[in-house]
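Q: I am new to this structure and would like a close look at a single part. Please start with the surroundings of the ligand, then go on to what else can be said.

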Amino acid sequence: MKLYGGKLSPFVMRPLLVSRAKGSPVEPEAFEGGIKCDAYVAMTPMAKMPLLVDGDFCLPESQPIADYLDAVLPGPSLMPADAKAAATVRLIIRLADVYVVPNLGGLFGARDKPEGVPAAMAGMTAALGYIEHFRNADDDFVVGGSFTQADAALIPLFFFLDALDGMLGTAALVAAQPGLAAWWARAKATALGAQAVAEQAEGLKAMMGGR
Ligand SMILES: N[C@@H](CCC(=O)N[C@@H](CS)C(=O)NCC(=O)O)C(=O)O
């Protein structure tokens with residue numbers, strides 16, 4: 001199985017975290033020729049990372065890849081057995097993709113498009129509030145007492161809220177949600193979380209060095 005992409009991308013880190021949490025890491029690699037080359041676009045016309053290739057099966061999009069890896073790799077399932085808890089995991093991932101991700105894009109693009117920052121900050125404030133609303137603030141992990149698909153989705157997104165803090169004060173947005181703030185402090189102190197944060201930081205440094 002090949003997972004294509006770079007570890008800075010929160011969408012690549014999501015399935016990588018799932019594979020690591022299951023004890024069967026599928027480490028990503030760069031696609032030779034890059035993600036805009038004809039061979040890559042032939043496999044995924046969206047020309048984005050990540051892309052999973054398993055034999056002749058090509059699967060794009062972080063969450064379907066994360067779900068596929070959860071299904072085919074050995075190791076514990078990262079979806080709760082309880083139907084309500086599983087639905088909450090799916091809901092939180094959906095809230096992250098629908099509300100957090102676009103606003104993160106707006107914040108990440110602050111250098112090139114500063115006029116978009118106030119709306120992205122307001123959108124991110126709301127998005128974090130939605131997640132805070134639907135999770136149990138006392139849970140050790142995003143949902144429940146063990147690492148799930150929701151942790152794999154949120155950890156690499158929250159990395160950017162820390163990373164952008166010096167420029168935009170984004171850590172305060174997390175601090176305003178006490179349950180999420182406590183989860184994030186715990187998550188990045190775990191071995192899986194700390195490794196992801198360190199690898200994304202390295203990727204960000206390399207990207208900034210190239211600008
Ligand atoms: N919805 C996609 C988003 C993937 C995505 O936007 N990937 C970015 C990297 S963070 C990318 O490949 N960007 C390159 C481009 O858009 O040209 C997913 O969840 O996998």
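A: In this predicted model, the shell around the ligand is made up of four nonpolar, two polar and two charged residues. The residues that surround the ligand are Ser9, Phe11, Ile35, Lys48, Met49, Pro50, Glu61 and Ser62.

Next comes the sheet. It is an open one, built from four strands in the order β2-β1-β3-β4, and the pairing is mixed. The edges are formed by β2, residues 28-29, and β4, residues 57-60, each of which pairs on one side only. As a general point, the strands of a sheet pair through backbone hydrogen bonds, and the sense is either parallel or antiparallel. Between β1, which covers residues 2-4, and β2 the sense is parallel, with two bridges.

Proline 74 counts as exposed because it has 7 C-beta neighbours inside 10 Å, and the limit for exposed is 12 or fewer. Apart from its neighbours within four places in sequence, proline 74 is in contact with Lys22 and Ser24.

Definitions and conventions: Residues are numbered from 1 along each chain as its sequence is written. This is a predicted model: local features need pLDDT of at least 70, side-chain atom pairs count only at pLDDT 80 or more; totals for chains, interfaces and linings use all residues. A residue is near a molecule or strand if its C-beta atom, placed from the backbone, lies within 6 Å of it. Ala, Val, Leu, Ile, Met, Phe, Trp, Tyr, Cys and Pro count as nonpolar, Asp, Glu, Lys and Arg as charged, and the others, Gly among them, as polar. Two strands pair if DSSP finds at least two bridges between them. A residue is buried if 20 or more other C-beta atoms lie within 10 Å of its own, exposed if 12 or fewer, and partly exposed in between; C-beta atoms are placed from the backbone. Two residues are in contact if their C-beta atoms, placed from the backbone, lie within 7 Å.
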